[in-house]
2 protein chains.
Amino acid sequence: MTRLSSKHPRYVSLVTRARLAKAFRQGLVVPEGLIAHGRAEAFDYLLGERTPASARRAERLAVQWIRASRLPVISVNGNVAALAAEQIASMVRLEPRIAVEVNLYHRTPQRVAKILATLRRAGIPAPLGLRPTERIPRLPSDRARVDARGIGRADVVIVPLEDGDRTEALRAIGKRVISIDLNPLSRTSQKADLPIVDELTRALGHMAEDLRHPGRRTTPGDFQRADAPRLLRDAIRNINLRLTKAASARSPRP
Amino acid sequence: MTRLSSKHPRYVSLVTRARLAKAFRQGLVVPEGLIAHGRAEAFDYLLGERTPASARRAERLAVQWIRASRLPVISVNGNVAALAAEQIASMVRLEPRIAVEVNLYHRTPQRVAKILATLRRAGIPAPLGLRPTERIPRLPSDRARVDARGIGRADVVIVPLEDGDRTEALRAIGKRVISIDLNPLSRTSQKADLPIVDELTRALGHMAEDLRHPGRRTTPGDFQRADAPRLLRDAIRNINLRLTKAASARSPRP
């Protein structure tokens, strides 16, 4: 029943919300995913629903890491498949070494199948995750179950959307973790090697854009240095600025 | 599958989330309500999940307005009934002039009936909203439908949780609107006569506490002045402080 006018100042955000609600009715997204999306909406609202310069730098660096990686994997959950399957498909088209693996906290065979179908429909030829073959040590829950050809063997794992435990567990077994999470204070952002504090579809869209342009020649294993604490400080500063600006720009009350 | 340990630093927030998910499965709460709750979680996280002093002042003032009011009404939607029926019941027990009225954006007779049953079970004797008799002018959607014995006749309306359009429409017909919304930048907070920027159950719980103590003798219509812009400025300052503190208190990375 939400009326969506493209003139609405928050049109993109409302379209995204409607899209997620639809995926929820189709069984791709769980109730917890809707709540998580609300959290993301709030933080994106505080960013002004735009990518700050420091996040854009992090996105460029992430693409350098993908190029320097032996096996980069994008980990996909229900929300990610619902919102960003197209952007991931573009990335895979431009850099076919990227593996895509479904990894769920609330795992059922039906949900995995639906998410895999969504990814295939978007043009991702061989997404992994249907039959996990390994476990990440010291991580309870089904999120520990991974594919030896995907996350199991990856050197770089892109973890979109909040997942603090798993970020820590992946780092503990030597993976480089790139997070995409709008909350700069979350454990995911705090623990990632390279935290991207930006909205999911914008972040992955920018990365696809960057993959379109040939980068400098990259030797495998030659990862440019990420200053994670600085990226997080910048992200926090962006929110502070926006709040302060919004506070002073408030229209006078009637 | 969420494991809730009372030692978890965000235990209350997780219990609240589980409670809302349950209400969702029972049909009290709609998918949009889950997303809205996620937004609230994010803002409460930024407040440190505590009531700031300025919000506590706003809550005291709200109780003074209830006492000065001829007919104070609390407007209830699915999320409010799921999370705060007990606090509202306490308020009504202590101040029986308070009317409680169900008002929904996503209105179906079944949902209204379920929400009314939840309110009655919590101890609210005669909640309104089953058969609205009037419309608020210039407000599209079912939220315009109100009861002449409740919101229709009220001089003070307490609107918990975000609802910008309705706040404006209620003010346009001369109601005093008290909002409870964690986002100080939302249209609800910006447009309310008295914005309380605090989490729903804490805010209503504090108001019930204040109703327990006899206030100064209040003449009907003698409303103490609310400095809404200042309350909002203070709320924004609280978020900024917390962000800055969190940024500097971050544990060093391994």
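**Exercise 1. Classify T188(A) as buried or exposed, then place it in its chain.**

Step 1. T188(A) has 1% relative accessibility, so it counts as buried (buried is under 20% relative accessible area, exposed over 50%, partly exposed in between; 1.4 Å probe, protein chains only).
Step 2. The residue lies in helix α7 of chain A, residues 187-191 (helices are DSSP runs of H or I, at least four residues, numbered from the N terminus).
Step 3. Leaving out residues up to four places away in sequence, T188(A) touches E162(A), D163(A), G164(A), T167(A), S179(A) and D181(A) (contact: heavy atoms within 4.5 Å).

This is a predicted model: local features need pLDDT of at least 70, side-chain atom pairs pLDDT 80 or more, while totals for chains, interfaces and linings use all residues. Residues are numbered from 1 along each chain as written, chains are lettered from A in the order written, and side-chain values use heavy atoms, without hydrogens and water.

**Exercise 2. Describe the contact between chain B and chain A.**

Step 1. Count residues: 40 come from chain B and 39 from chain A.
Step 2. Find the salt bridges: the rule gives two across the interface (a side-chain nitrogen of Lys or Arg within 4 Å of a carboxyl oxygen of Asp or Glu). R39(A) pairs with E41(B) in a salt bridge, with the closest N and O atoms 2.4 Å apart.
Step 3. Locate the chain B side: α1 (11-25), α2 (31-46), α7 (187-191) and α9 (228-249) each supply at least two residues. The largest share, 11 residues, comes from α2(B).
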